[in-house]
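Please read them with the coordinates open beside you.

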Amino acid sequence: MATLRERKIYREQVMKALYEATEGNRLLGVTGAKLRDDLGVHEEDLAAACTYLVGEGLIAVDWATGNTPSMVTLTHQGIRLMEAEEEEQG
């Protein structure tokens, strides 16, 4: 089981990976398998991060059997959050 710190890191990594891969486009998504492989995260930890982010309204997920994300996309709110972070960093 991941610690709170690890769970927060996984959530941030998912958001950053999605934003970079889709270039902030709501119409594009990333497969759960690609996220898992690119981030080096266990499937259970990825599912937990995605579930949390869905609850926050930041991403949308199409779920496969076994609570595995099959396709993950940013919501409008998720894009706005990532754009605000990008602006803050200059």
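1. A residue is called buried below when its relative accessible area is under 20%, exposed when it is over 50%, and partly exposed in between, with a 1.4 Å probe and protein chains only. Helices (H or I, at least four residues) and strands (E, at least two) are DSSP runs, numbered from the N terminus.

2. This is a predicted model, in which local features need pLDDT of at least 70 and side-chain atom pairs count only at pLDDT 80 or more, while totals for chains, interfaces and linings use all residues. Residues are numbered from 1 along each chain as its sequence is written, and side-chain values use heavy atoms, with hydrogens and water left out.

3. Helix H4, residues 76-89, contains 14 residues and spans 20 Å from its first C-alpha to its last, close to the expected 20 Å; the expected span is 1.5 Å times one less than the number of residues. Its buried residues include Gly 78, Ile 79 and Met 82. These lie on the same side of H4, because they cover an arc of only 100 degrees around the axis, the arc being that of the directions from the helix axis to the C-beta atoms. In general, an α-helix has 3.6 residues a turn, so residues three or four places apart point the same way.

4. The face of H4 turned away from that buried side carries the exposed residues Arg 80, Glu 87 and Glu 88. On the buried side, the cover includes helix H1 (4-22) and strand E3 (68-74), where contact means heavy atoms within 4.5 Å. Just after H4, Gly 90 takes a positive phi of about 85 degrees.

5. Helix H3 (43-55) can be described in the same way: it has 13 residues and reaches 18 Å from its first C-alpha to its last, close to the 18 Å expected. Asp 45, Leu 46, Ala 47, Ala 49, Cys 50 and Leu 53 are the buried residues of H3, and they pack against H1, helix H2 (32-39), E2 and E3.

6. Which residues does Gly 57 contact, leaving aside neighbours within four places in sequence? They are Thr 75, Gln 77 and Gly 78. Gly 57 follows H3 with a positive phi, near 80 degrees, and sits in the loop between H3 and strand E2 (59-64). It counts as partly exposed because its relative accessibility is 24%. Although Gly 57 and Gly 78 are 21 residues apart in sequence, their C-alpha atoms are 7.2 Å apart.

7. Thr 75, in the loop between E3 and H4, counts as buried because its relative accessibility is 15%. Not counting residues up to four places away in sequence, Thr 75 touches Arg 26, Gly 57, Leu 58, Ile 59 and Ala 60.

8. The largest pocket has a volume of about 160 Å³, and its lining includes Lys 8, Arg 11, Leu 53, Met 82 and Glu 85. H1 and H4 are the elements that give two or more residues to this lining, and H1 provides the largest share, five residues. The lining residues divide into four nonpolar, no polar and five charged.

9. Met 1, in the segment before H1, counts as exposed because its relative accessibility is 98%. The C-alpha atoms of Met 1 and Leu 39 are separated by 17 Å, the two residues being 38 residues apart along the chain.

Methods: On a 1 Å grid over the protein atoms alone, a cavity is a set of points where a 1.4 Å probe fits but cannot get out, and a pocket is an open set with protein on both sides within 12 Å along at least five of seven lines; lining residues have an atom within 4 Å of a point. Grid points are joined across faces, edges and corners, and a volume is the space filled by probe spheres set on the points. Ala, Val, Leu, Ile, Met, Phe, Trp, Tyr, Cys and Pro count as nonpolar, Asp, Glu, Lys and Arg as charged, and the others, Gly among them, as polar.
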